[in-house]
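Student: I'm new to this one. Can you walk me through it?
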Amino acid sequence: MALVNLGTLGSTPVVKNNSSLTTSDTTDVFQFKITSGKNINLSLTDISAGDDADIRLFKDANLNGVLDDFDRKAGLVSNRGSNQDEAINFKTSSGTFFAEVSRFAPGSSGDVSYNLALSATQPSGTLPISASSSNLLPKEFVLGDLSGNVTRTGNVSNTNTTDVYNFSLGFRQSVNIQLDGLSTDADIRLIRDSNNNRIVDAGEVIRSSTNAGITSELISNITVAGNYFLQVTEATGNTNYNLAFNESSIPA
Ligand SMILES: [Ca+2]
Ligand SMILES: [Ca+2]
Ligand SMILES: [Ca+2]
Ligand SMILES: [Ca+2]
């Protein structure tokens, strides 16, 4: 097991690209601390084709600086199949944490390579603090090229503060994106990852919709062809949501 201590994690993402797991060294653990309430964001991407890796997040609950069985009694996991991206977004108080990347043996052959990004973004407002959008872009829900209307349902909460949808828009296509069905406040924002680093950099947020309360959110009239990420982020607590991508073609 490789153990890497990252020190204090802040909002600037720490990136560990081209890391690898082998049949004899099946887990990597990244230790870090946060010094006040934050949103911890983990994004595991570019898992090698034909392989499977998962990610878990544990808190050093017994405060001994070591990831042990006590800490493992509680934690968060993202363990999708095959080489799909994994994501964890957790709003939490200060402490020491361990992000564990593990090779899922039944789904893998030989070495497994991956890219990992970690950040701890600052919640907004005073108590009760609101979640902040993640600045990482795992492809949690891949919609592909929008052809016709697409609807999805989901849930955001303190243990999953952000969901990330990936889609592309073709030439002479237009889309309106609507979020509704909320029971507490949630927001959306649309991102173009221009430098393709799977991180939300300055200038990459195209549009956002951040109405208060359970008012629905709308980002309308997106007409530029390309690849996009849409983030749904919890603002004040647990809520289900309906997300609709209403696509139409633009007449010549
Ligand atoms: Ca411990
Ligand atoms: Ca997996
Ligand atoms: Ca970027
Ligand atoms: Ca809102």
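Tutor: Start with a term: buried means under 20% relative accessible area, exposed over 50%, and partly exposed in between (1.4 Å probe, protein chains only). By that rule Thr239 is buried, because its relative accessibility is 0%. This is a predicted model, where local features need pLDDT of at least 70 and side-chain atom pairs count only at pLDDT 80 or more, while totals for chains, interfaces and linings use all residues. Residues are numbered from 1 along each chain as its sequence is written, chains are lettered from A and ligands numbered from 1 in the order in which they are written, and side-chain values use heavy atoms, with hydrogens and water left out.

Student: Where does Thr239 lie, and in which strand?
Tutor: In β18, residues 239-249. Strands (E, at least two residues) and helices (H or I, at least four) are DSSP runs, numbered from the N terminus.

Student: What is Thr239 in contact with?
Tutor: Contact means heavy atoms within 4.5 Å. Leaving aside neighbours within four places in sequence, the partners of Thr239 include Gly154, Val156, Leu182 and Ala186.

Student: New topic. Which residues coordinate the calcium ion (ligand 4)?
Tutor: Asp185 (OD), Ala186 (O), Asp187 (OD), Asn211 (O) and Glu217 (OE), at 2.2 to 2.4 Å. Donors are N, O and S atoms within 2.8 Å of the metal (3.2 Å for Na, K and Ca); water is not among the atoms, so sites may look incomplete. Along the chain the donors follow the spacing D-A-D-x23-N-x5-E.

Student: Where are Asp185 and Asn211 in the chain?
Tutor: They link distant parts, 26 residues apart. Asp185 is in the loop between β13 (173-180) and β14 (186-191), and Asn211 is in the loop between β15 (205-209) and β16 (217-222).

Student: Is Asp185 buried or exposed?
Tutor: Buried, at 13% relative accessible area. Asn211 is partly exposed, at 33%.

Student: How is the protein chain divided?
Tutor: Into domain 1 (2-121) and domain 2 (141-249). Those bounds come from an automatic or database domain assignment. The centres of the two domains, taken over C-alpha atoms, are 25 Å apart. Domain 1 gives 11 residues to the contact and domain 2 gives nine.

Student: How many salt bridges cross the interface of domain 1 and domain 2?
Tutor: Two, by the rule. A salt bridge is a side-chain nitrogen of Lys or Arg within 4 Å of a carboxyl oxygen of Asp or Glu. Elsewhere in the list of pairs, Asp85 forms a salt bridge with Arg198, with the closest N and O atoms 2.5 Å apart.
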